[in-house]
Amino acid sequence: MSKAAVSPSAASALPDPEPARTSLYAYAALNSRPVALVYRMLALAVILTGVIRHSDVLTGAPNWTTLLFYTMVSNLLCLVWMILLIVRTARDLRQTGPRGTSTPSARGSGAVMMAITVTMLIYLVVLVPTRFADGDSDIFSLTDNLIHIITPLLVIVDWLVFVPKGSFRWIDPLLWTLIPYAYLVWAFVYGSLGGEFTPGQKYPYPFMDVDALGVGGVAQWVVALTLALVVVGLVFVAIDRALGVLSRRSVRR
């Protein structure tokens, strides 16, 4: 007995096969929106705590000059980005379910991650030794740890665990330096026009102090820090691309 042919009209009436379920670890990321949402909400609370403590908002005498420093600028950038991540994750969870990744932009996550990594590196490499030399006993206080170390680590872990890999480009580390460079230009212009970051201080960080180091000394610091940041950025790109390749290979198997 020959098999009956299925007409196009009858075939179109057949139910579509169920879409393949995304692997929990596809795209070199944890594809669980509920877990990502909980992590991001906790991260937001920690980042907000650091910002509040650093600015003394709850003391009744807020220190608004903290907004002039790159540390606060980068922490506020992370705060806004984490809110966007939470909104996107909650929306995707409601619309497409618990399995999958959620981010406005994987490369955007890289830019924010690098911006806050600058804060951590300058704190550990430049500011801590300087403050030790000046006899500052308040190094690595809770507030310092929150805004200089814990927030950067939270953002790096978010990218490493919850953001799909394979979208970074080798040119990205140079593009990511535009954020700290934009601040650098603004800070020099602000100080040259008479602005003060704290009373009597027209440079936000010691390595920018032209009066003490001279133009050549500041230029050497900027070049050295730029090279260090680009190298760190290239490490991030290498990790991203390697994990992306491994993820695509595992999907093809």
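## Basis of the model

This is a predicted model, in which local features need pLDDT of at least 70 and side-chain atom pairs count only at pLDDT 80 or more, while totals for chains, interfaces and linings use all residues. Residues are numbered from 1 along each chain as its sequence is written, and side-chain values use heavy atoms, with hydrogens and water left out.

## Fold

The chain has eight helices and zero strands, where helices (H or I, at least four residues) and strands (E, at least two) are DSSP runs numbered from the N terminus. Of its 253 residues, 42% count as buried, a term that stands for under 20% relative accessible area, with exposed meaning over 50% and partly exposed the range in between (1.4 Å probe, protein chains only).

## Cavities

Three cavities of 30 Å³ or more are present in the structure. On a 1 Å grid over the protein atoms alone, a cavity is a set of points where a 1.4 Å probe fits but cannot get out, whereas a pocket is an open set with protein on both sides within 12 Å along at least five of seven lines, and lining residues have an atom within 4 Å of a point. Grid points are joined across faces, edges and corners, and a volume is the space filled by probe spheres set on the points.

The largest cavity holds about 240 Å³ of space, and among its 19 lining residues Val118, Ile122, Pro180, Leu184 and Phe207 lie nearest its centre. Two or more lining residues come from each of helix H3 (70-96), helix H4 (106-133), helix H7 (178-192) and helix H8 (210-252), with H4 giving the most, five residues. By class, this lining has 15 nonpolar, four polar and no charged residues; here Ala, Val, Leu, Ile, Met, Phe, Trp, Tyr, Cys and Pro count as nonpolar, Asp, Glu, Lys and Arg as charged, and the others, Gly among them, as polar.

## Largest pocket

The largest pocket has a volume of about 520 Å³. Of the 22 residues that line this pocket, His54, Phe69, Arg131, Asp144 and His148 are the closest to its centre. H2, H4 and H5 are the elements that give two or more residues to the lining, and the largest share, four residues, comes from H5. This lining divides into six nonpolar, 10 polar and six charged residues.

## Single residues

Thr103 lies in the loop between H3 and H4 and is buried, with a relative accessible area of 13%. The C-alpha atoms of Thr103 and Arg88 are separated by 6.3 Å, although these residues are 15 apart along the chain.

Lys165 has its place in the loop between helix H5 (142-162) and helix H6 (172-176), where Lys165 is buried, at a relative accessible area of 8%. From Lys165 to Tyr27 the C-alpha distance is 5.8 Å, across a sequence separation of 138 residues. Trp186, found in helix H7, is partly exposed, with a relative accessible area of 37%. Trp64, in the loop between helix H2 (33-55) and H3, is exposed, with a relative accessible area of 54%.
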